[in-house]
Amino acid sequence: MNVTMEVANQLKSVRPRKAVLEMPEYHPPLAGREALRLDFNENTFEPSPRVMERLLAITAEGLTKYPEREPVERIVAAHFGLQAEQVLLTNGVDEAIHLLCATFLEAEDEALVWTPSFFMYDVSVQMMTPHLRKVQSDATLAFPVERFMAGITERTKLIIVASPNNPTGAVVSREHLLAIAAAAPQAVLMVDEAYYHFHGESTIGDVSTVPNLIVARTFSKAYGLASLRIGLLAGNAKLLKYVRKVSSPYNVNGVALDCLPVAIADEEYVAWYADQVRVGRERMMEGLRGLGVPFFPSQANFVLMNIGSKHKELVAAMRAHGVLLRGRSADPGCAGFVRITIGVEEHVTRGLAALKATLSEIGWSKQQVSELAGQQVSDGEREFE
Ligand SMILES: Cc1ncc(COP(=O)(O)O)c(C=O)c1O
């Protein structure tokens, strides 16, 4: 027997947990993104110039140290009018979701989500428990509040709601979110506010009075720091103490921690970027109306379009024009849908011009939209982001 075979034989007795074998895989389609990035809902431009200055001031000696999260948590907490114990910095909201699942879900517990939504919820929940309840939107893709509330059981231990939601751009009112928290006192409600800046309504002001509410924010979108990987959880200090136990003390790297205080201090920059998106979003929706493309009204930095049977052709043809889009057909209830990110003015202009040229090139017509209505691709084929 050669060495390779011997090693393979030995490995047969090593198995991951059953939940790991059964959980879905995360495959972000990140190859070949040297084009206009209207595919991942990132900031399409650049972060505050103050962040770049801070980056250049980082010393070689500074890189030798383990990062200190706590002083930066104090600064971030003060920015939100919270106590330091009410804030936990994380390696992006992706890690925050992972930590919440690892902290609060036993294998027999249930988690509750709304679909279509962000696929990392499925991945992280199913790492802990197979009992993921999904409440599907109807064809409007609006939040199905009554059916969602009816999905809460005494076994529900974690509820995750994104507002604005990805990939739909739909929002959930504060009133409904507070009603969900009140209806499930045995569960943690995580409100994912990754796209907060493009909408402006938040429940972060409620974390001191609603004991089971935890709000997540990211610095990957409006702040333009996706590559640094920074997010946060804001919530009840007692709940976050448990999450802190599960988190590595060095989960956020020192470069990110150095940059975060200057990024949040430059409020003018974030307000400018959010404004670019809000204006651009109106222009995009107006443009789509003009082109006859059905879409879902959005409160985020993207718009979900209903292209129909030529959805793949559109994504490929746009790539050939140097513009990246994301096909969302594999999301539940989204057959034929394609998402376009809204960025700064120039990028919206280029995106719209390419869309106009491409739709005509592929011979798109509104009739093709109804051809896919009601079809669904299986969960296993889904892409992520
Ligand atoms: C709803 C939602 N939450 C969280 C994230 C991930 O954020 P982060 O980059 O902080 O991990 C995304 C990214 O697309 C998202 O759409």
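Before the first stop, a word on pairing: two strands pair if DSSP finds at least two bridges between them. The strands themselves (E, at least two residues) and the helices (H or I, at least four residues) are DSSP runs, numbered from the N terminus. What you see is a predicted model, in which local features need pLDDT of at least 70 and side-chain atom pairs count only at pLDDT 80 or more, while totals for chains, interfaces and linings use all residues. Residues are numbered from 1 along each chain as its sequence is written.

**Stop 1**

Select β6 (188-192) and β7 (213-218). These two strands pair in the parallel sense, over 4 bridges. Show the side chain of Met190 and look across to β7, where Ile214 stands opposite.

Now widen the selection to the whole sheet. In what order do its strands lie? The order is β2-β8-β7-β6-β5-β3-β4, in an open sheet of 7 strands with mixed pairing. At the edges stand β2 and β4 (132-136), each with a single partner strand, so one side of each has no neighbour in the sheet. From one strand to the next, the twist averages 20 degrees. Angles here run from 0 to 180 degrees between N-to-C directions, and axes are lines fitted to C-alpha atoms, for helices over the stretch in contact.

Contact between two residues is called when their C-beta atoms, placed from the backbone, lie within 7 Å. Helix α7 (residues 120-128) touches β3 (110-115), β4 and β5 (156-162), and its direction makes about 155 degrees with that of β4. Helix α9 (residues 174-183) touches β5, β6 and β7, and its direction makes about 160 degrees with that of β6.

**Stop 2: strand β8**

Select β8 (231-235). Is this strand mostly covered or mostly open? It is mostly covered, as 5 of its 5 residues are buried. A residue counts as buried if 20 or more other C-beta atoms lie within 10 Å of its own, as exposed if 12 or fewer do, and as partly exposed in between; C-beta atoms are placed from the backbone. In a regular strand, side chains alternate between the two faces of the sheet. Here Gly231, Leu233 and Gly235 are on one side, Leu232 and Ala234 on the other, and all are buried.

**Stop 3: helix α10**

Move on to helix α10 (residues 237-246), whose buried residues are Leu239, Leu240 and Val243. Look down the axis of α10: these buried residues fall within an arc of 90 degrees (taken from the directions from the helix axis to the C-beta atoms), so they line one face of the helix. Colour Lys238, Lys241 and Lys245 as well, and you will find them exposed on the other side of α10. What covers the buried residues? The cover includes β2 (87-90), α6, β6, β7 and β8.

**Stop 4: around the ligand**

Which residues come nearest to the ligand? They are Gly92, Asp94, Asn166, Thr218 and Ser220, out of 14 residues around it. A residue is near a molecule if its C-beta atom, placed from the backbone, lies within 6 Å of it. Helix α6 (residues 92-104) gives the most to this shell, with 3 residues.

**Stop 5: the sheet of 4 strands**

Finally, select the open sheet with the order β9-β10-β13-β12, where the pairing is antiparallel. Its edge strands are β9 (295-296) and β12 (326-327), each pairing on one side only.

Strand β10 (residues 302-306) has 5 of its 5 residues buried, so it is largely enclosed by the rest of the structure. A hairpin of 5 residues joins β9 to β10, and 5 bridges join β10 to β13. End on Leu304 in β10: Phe296 stands opposite Leu304, and Leu304 stands opposite Arg339 in β13.
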